[in-house]
Each structure stands twice: as C-alpha cells, then as structure tokens.
Amino acid sequence: MQPDALNVVSLVSVGAHPTSGRARRAEQDARAVELGLHLAGNRLQVLHAGDPHAEALRGYLGMGLNEINVLEQPAHSDAVPVLSEYLSRSPAQLVLTGTQAETGEGSGMLPYLLAEQLGWPLVVGLAAVEKVDNGMAQVLQALPRGQRRRLQVRLPFVASVDNAAPIARQSAYGPARRGRLGATSVEVVPDSLFEHGELQPAKPRPKRLKVIKAKTGAERMRAATAKASGGGGQVLKGVSAAEGAEAIFKLLLEEGVLR
C-alpha cells in the first residue's frame with residue numbers, strides 16, 4: 001500500500017493569534033491538514049468537535065478542502081468521548097492531530113487520551129510518513145536538536161504532528177467561503193474539569209541556557225546538535241521502592257520542580 005492510499009483523518013481546533021488573540025486556524029493543526037493532504041489528497045477527512053459556526057474553521061477550508069465535518073457540541077464539553085466513538089466507527093487508519101491546542105485547556109493530552117480509548121498506538125512528533133506496507137507504516141519522528149528517528153508502527157494509529165512537518169499552505173479566501181461546514185449531532189459529554197476549576201494563561205518556566213565554548217563554526221554546530229549527556233545522573237538497580245522514591249524526590253528538589 002502506498003501512503004496516498006491511506007484513509008486519513010485530521011483533527012482541527014480553533015486557534016488564537018499569539019499577539020492579538022484573534023481566532024484563526026491553529027498552526028500545528030494546519031500542519032496536520034497539510035500532511036493529510038500530502039498523504040490522502042482530496043480523500044482527506046477533516047474533523048472538528050465544537051461550534052459548527054466558528055469562522056476560524058474556514059481557514060482550513062481555504063487550504064483546498066471541500067468540507068469539514070463538525071461534531072456539534074457547546075463550549076466546556078469533553079471532546080475525547082465523541083471523537084473516539086466517531087473514529088471507532090469510521091474506516092480511519094491514521095488520525096493526525098496537533099501537539100497542543102492554542103485555546104481552551106491546551107494541555108496537549110488529547111492525542112494520548114484518544115489513543116488510549118481507541119486502543120491504537122501513538123506516535124509523538126510525527127514529521128513524515130515514508131511508506132505503508134502490509135498494515136505497517138514507516139514514519140519519521142522528530143527529536144530534539146534536529147535529529148530524526150525512523151519507526152515502524154502498525155495501522156491504525158494516532159500521531160501528533162511536529163513543527164518539523166511540512167509548513168501549511170496559505171489559506172485562500174475563495175475556497176474558504178465556498179467550503180462547507182457540515183454539522184453532526186452527537187451526545188454532549190460535560191468536561192468535569194470546568195466544574196471545579198477555571199482556565200488561566202500558562203506561564204512558561206525559564207530554561208537554562210547552555211554556554212557553548214567553541215572557536216570554529218563546525219565546533220559550534222557539533223555542540224548544538226549533540227545529544228545531551230547525562231553525566232550527573234545515576235542508575236539505580238536492585239533498590240527498594242522507598243530508596244527509589246527518595247532518589248527521585250531528591251532529584252526533583254535539586255531541579256527546582258518541588259520547593
């Protein structure tokens with residue numbers, strides 16, 4: 001089977017501009033649509049769980065789609081049950097998602113929860129699908145520092161698309177207006193998180209900068225792409241659960257995760 005014979009579904013959400021907050025197509029979800037178009041062409045199915053009247057969804061239609069299937073549900077509803085039920089009844093072989101939503105909870109847990117409910121493998125950081133043969137797909141996974149890793153994964157599976165995947169094409173106004181947002185009624189499942197909590201902007205933690213002391217460009221490139229060494233770690237073998245927990249607790253204190 002060639003990659004373009006895959007039955008691909010791309011999940012999309014409503015994004016937000018990082019500066020103005022204006023609703024738009026989500027950057028990583030658009031990459032998931034772009035990759036789906038490369039694999040399946042006009043047979044790609046694009047799926048959204050939420051408001052079928054969201055104008056931001058037309059940004060995806062402007063990429064050349066004829067239709068987006070919307071599982072209609074109000075805000076603060078749990079999208080995982082309705083998506084898993086729909087996908088379990090569909091012939092989907094590959095489900096593409098973004099890594100993290102730009103609006104709403106933005107926890108990045110949807111691909112994991114969806115794969116768990118479906119009982120499918122999950123590939124994180126998908127950059128490309130190279131070939132499909134005998135129910136197995138060879139994919140390219142993006143790793144830190146520009147590295148790549150080839151994986152063999154059985155169909156069907158869920159994959160979150162990395163920024164290393166192809167950049168989404170520009171959205172055209174004409175196709176965006178001509179495309180159709182088709183609403184499907186589903187059973188609404190309230191999200192229990194909103195019963196006891198509220199959303200607030202996430203604050204990224206500062207990252208430690210690694211000072212690279214190199215004289216030539218080749219040395220700087222080698223230092224920037226080298227794998228991080230774990231010289232300060234330790235391997236615990238044959239220790240009790242209490243000793244292992246104590247070592248983990250000590251490490252979390254040293255790293256500042258616990259205070």
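Author: The chain holds eight helices and 11 strands. Helices (H or I, at least four residues) and strands (E, at least two) are DSSP runs, numbered from the N terminus. This is a predicted model, in which local features need pLDDT of at least 70 and side-chain atom pairs count only at pLDDT 80 or more, while totals for chains, interfaces and linings use all residues. Residues are numbered from 1 along each chain as its sequence is written, and side-chain values use heavy atoms, with hydrogens and water left out.

Reader: What box do the C-alpha atoms fill, and what share of the residues is buried?

Author: Taken along the principal axes, the box is roughly 55 × 50 × 45 Å. Buried means under 20% relative accessible area, exposed means over 50%, and partly exposed lies in between (1.4 Å probe, protein chains only). On that scale 37% of the 259 residues count as buried. The chain exposes about 16,000 Å², of which carbon and sulfur atoms supply 53%; accessible areas come from the Shrake-Rupley method with a 1.4 Å probe, and for residues only the protein chains shown count as cover.

Reader: How should I read a sheet, and which strand order applies here?

Author: Strands of a sheet pair through backbone hydrogen bonds, either parallel or antiparallel. Two strands are taken to pair if DSSP finds at least two bridges between them. Here nine strands form an open sheet in the order 9-8-7-10-6-1-4-5-11, with mixed pairing. Strand 9 (148-154) and strand 11 (180-185) are at the edges with a single partner strand each, so one side of each has no neighbour in the sheet. On average, neighbouring strands of this sheet are turned by 35 degrees against each other, direction ignored.

Reader: Which helix packs on the sheet, and which strands does it touch?

Author: Helix 1 (residues 27-40) does, touching strand 1 (8-11), strand 4 (45-50), strand 6 (94-97), strand 7 (122-133) and strand 10 (157-161). Contact means heavy atoms within 4.5 Å. The direction of helix 1 makes about 170 degrees with that of strand 1. Axes are lines fitted to C-alpha atoms, for helices over the stretch in contact, and angles run from 0 to 180 degrees between N-to-C directions.

Reader: How many bridges join strand 1 to strand 4, and how many join strand 4 to strand 5?

Author: Strand 1 and strand 4 run parallel and are joined by three bridges; V9 stands opposite Q45 in strand 4. Strand 4 also pairs with strand 5 in the parallel sense, over four bridges, and G50 has E72 in strand 5 as its bridge partner. Five of the six residues of strand 4 are buried. An antiparallel case is strand 8 (residues 136-142) with strand 9, paired over seven bridges, where M136 stands opposite R154.

Reader: Which parts of the chain do E67 and R180 tie together?

Author: The salt bridge between E67 and R180 has its closest N and O atoms 2.3 Å apart. E67 lies in strand 5 and R180 in strand 11, so the pair ties together parts 113 residues apart in sequence. E67 is partly exposed, with a relative accessible area of 37%.

Reader: Which residues are linked in a network of salt bridges?

Author: E55, R58 and R177 are. Within it, the side chains of R177 and E55 meet at 3.0 Å, N to O.

Methods. A salt bridge is a side-chain nitrogen of Lys or Arg within 4 Å of a carboxyl oxygen of Asp or Glu.
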